[in-house]
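Here are my notes on the model, as numbered points.

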Amino acid sequence: MPDTVYRNALFFDGTGGCPVISDIAVSHGRIAAISPDLQWDENAIQVDCTGLWLMPGLLDIHTHLDLELELAPQLPEVVRHGTTTVVIGNCSIGVTYGHLRNGGEDPIVDCFARVENMPKSVLARVADACTWTDSQGYLNHLSRLPLGANVVPLIPHSMLRIAVMGLRRSIERRPSRRERAKMAQLLEAGMAQGYAGFSTDALPFHFLANAPHKKRRIPTQYASFRELSRLTRIVRRYGRVWQATPPKDHIFRAVRTFLLSSGRLYGRPLRTTVLAAIDLRTNRAAVAMCLMLSAILNSKLLRGIFRFQVLPGPFRIWSDGAINPIADEIPELRALNELELDDRAGRLRILDSPQWIAAFRAMWMKGKAGWSIARLRRLLRLEDTVLTRRLSDMRVAECPLPHWKGETLQQPYHRLRRWQAGRGRHGAANPAEAAFFATFPNPIEDDAAFFIHLLRQWDTDLRWETVIANNDPVTLKKLLFSRHTLPGFNDSGAHLANIGFYDGNLRTLKIAQPDGPQQVAIAVHRLTGLPAAFFNLDTGVLKIGAQADLCVIDPDALRRWDPEKTYEFVYRSAFGCRQVINRPPGVVRHVMIAGRTAWTDGGYTHDFGQVPFGRVMRTKDHAR
């Protein structure tokens with residue numbers, strides 16, 4: 001007899017087919033029956049889903065939850081958002097081979113702190129817990145945790161290189177023939193053990209965080225094409241997934257690299273998913289280039305299986321002073337970011353340096369005035385950098401002057417100029433602002449001088465937000481539903497203070513909702529059945545006999561939810577620091593994992609986090 005019966009739900013099965021009103025019965029952790037008028041035992045738990053959507057648990061294919069699993073293995077933010085399966089080990093970094101500490105090196109801290117903007121204190125605690133030494137040991141460790149969601153691990157290339165060569169040698173010299181063979185051996189072992197794939201990274205602003213390596217990039221970026229070709233050959237042979245990021249400033253290198261996905265050139269397609277197709281505010285050509293590259297690689301000529309990942313909402317980031325996820329892209333900001341977070345004196349020395357000031361001003365003002373190629377590229381939205389360099393795009397979240405909160409930096413900058421022009425008689429909003437204005441150079445030269453002075457005076461006490469991509473909802477929708485993309489560049493579990501995209505899957509459903517139930521069905525498929533098939537996982541579709549991973553969504557609450565107004569900062573005791581989150585009120589009504597209710601009526605069940613709900617999902621265990 002069923003344990004739980006969901007009644008009168010609008011049922012989306014994950015295949016993309018039309019939804020139907022149905023009852024769904026769950027017994028012993030699996031779907032037992034699907035029918036409009038089920039008979040059920042009076043002792044079964046009944047969940048009334050009238051007016052609600054029932055669908056498979058959602059997949060999050062790009063996370064860095066490897067870290068959170070060691071501190072809060074129940075993954076509470078993931079589960080409350082309706083996500084029941086997560087992919088970890090992305091971007092070439094992870095904890096697959098343990099802490100890898102050797103000779104004073106601390107690779108987990110070194111690789112994650114700047115790339116994923118994680119506090120070193122949190123990373124040190126994670127590394128302390130990573131006592132295993134190989135990929136099988138990691139699987140064994142994960143299987144002993146009280147997992148909240150199902151976990152799908154990848155083999156991360158940077159950590160593979162460190163396991164074989166050590167951190168310093170992996171960034172200073174090429175591997176020997178024996179070391180290349182050892183990397184291949186370890187990757188082969190991981191594929192045989194059931195890892196879902198292999199991850200690499202080529203973004204040019206992913207740097208190490210500990211001295212003496214702060215000017216060096218993470219190890220995967222020092223791999224040759226020959227090394228990459230040899231390792232992906234193993235992944236291809238097992239039919240697994242290659243997750244990658246492109247060398248964004250080198251289009252020809254990117255094309256050569258991603259031709260590795262071609263079945264025409266290499267005998268069999270290599271499933272490849274790449275971060276990320278986003279509509280940059282500074283470069284409108286980026287989206288077109290991504291879609292064109294995907295279309296070429298997926299063509300009959302090349303026979304690739306290539307999908308760009310898409311962030312399902314505006315790319316909003318928070319910055320503490322000059323420190324944010326894209327700071328390392330710009331050398332002048334990188335100089336500030338290389339210092340420890342609490343080294344205010346060090347940053348002040350840089351900010352007072354005439355050479356640094358001149359370089360920063362040249363960067364900040366490039367293309368803003370006069371007539372030049374840089375000016376034309378700025379007007380046409382064809383710039384090289386991601387940061388817009390506009391005060392009007394920078395909105396204050398926190399600072400020592402409370403009335404600035406919610407304003408763009410352009411607003412106090414204009415008041416400062418009026419205050420200086422009126423010799424202090426008018427322009428300031430209040431005496432506290434007037435006193436602060438008195439500390440500025442008079443006259444203020446331009447907005448570059450204004451921003452430098454703010455960094456000098458307030459450092460990380462100035463917290464501001466900006467949207468760097470995906471402002472246009474029409475373009476975003478096109479990206480999310482393109483046949484060449486997968487939704488899911490959420491970076492869940494990373495950038496604790498800088499981004500909050502645990503809600504990415506729900507944003508996709510919200511974007512689809514105005515177009516009716518069939519479009520929602522397509523969105524559900526793209527968040528469940530489609531990525532599950534791509535990663536060769538036996539999940540994502542609700543059918544009789546399938547594991548009962550499912551969620552119930554309130555469409556009225558989803559319609560009312562404004563994702564841009566529900567961000568908040570909370571103290572996560574598991575991390576010992578603040579985290580930016582976005583919790584849609586009342587949208588996710590119920591979450592079940594392996595037949596156990598994890599979230600219902602706005603709260604977790606009593607045993608959530610105490611016993612395992614999810615499991616480690618190994619590709620070799622699944623029929624696909």
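1. In the residue classes used below, Ala, Val, Leu, Ile, Met, Phe, Trp, Tyr, Cys and Pro count as nonpolar, Asp, Glu, Lys and Arg as charged, and the others, Gly among them, as polar. By these classes, the lining of the largest pocket has 27 nonpolar, six polar and seven charged residues.

2. This is a predicted model, in which local features need pLDDT of at least 70, side-chain atom pairs count only at pLDDT 80 or more, and totals for chains, interfaces and linings use all residues. Residues are numbered from 1 along each chain as its sequence is written, and side-chain values use heavy atoms, with hydrogens and water left out.

3. The largest pocket holds about 910 Å³ of space. A pocket is, on a 1 Å grid over the protein atoms alone, an open set of points where a 1.4 Å probe fits, with protein on both sides within 12 Å along at least five of seven lines; lining residues have an atom within 4 Å of a point. Volume is the space filled by probe spheres set on the points, which are joined across faces, edges and corners. Of the 40 lining residues, Leu203, Pro246, Lys248, Ala276 and Leu280 lie nearest the centre of the largest pocket.

4. Helix H10 (251–258), helix H12 (285–297) and strand S19 (489–492) each supply at least two residues of that lining. H12 gives the most, with five residues. Helices (H or I, at least four residues) and strands (E, at least two) are DSSP runs, numbered from the N terminus.

5. The second largest pocket has about 690 Å³ of space. Its lining consists of 26 residues, and Asn117, Met118, Pro119, Ile323 and Leu341 are the closest to its centre. Helix H3 (107–115), helix H4 (120–129) and strand S22 (577–582) give two or more residues each. By class, the lining of the second largest pocket divides into 10 nonpolar, five polar and 11 charged residues.

6. The axes of helix H8 (residues 177–193) and helix H9 (residues 225–238) come within 10 Å and cross at roughly 20 degrees, which makes H8 roughly parallel to H9. Axes are lines fitted to C-alpha atoms, for helices over the stretch in contact, with angles from 0 to 180 degrees between N-to-C directions. Angles under 35 degrees count as roughly parallel, over 145 as roughly antiparallel, 65 to 115 as roughly perpendicular and the rest as oblique.

7. Helix H21 (residues 504–512) and helix H22 (residues 517–527) have axes that come within 8 Å and cross at roughly 160 degrees, so H21 is roughly antiparallel to H22. Asn505, Thr508, Leu509 and Ala512 in H21 meet Gln519, Val520, Ala523, Val524 and Leu527 in H22. Six of the contact residues are nonpolar, three are polar and none is charged.

8. Most residues other than glycine have a negative phi, and most peptide bonds are trans. The peptide bond from leucine 275 to alanine 276 is cis, with omega near -10 degrees; alanine 276 sits in the loop between strand S13 (271–275) and H12. The bond from alanine 211 to proline 212 is also cis, with omega near 5 degrees. Leucine 100, in the loop between strand S8 (83–88) and H3, has a positive phi, near 60 degrees.

Key
Contact means heavy atoms within 4.5 Å.
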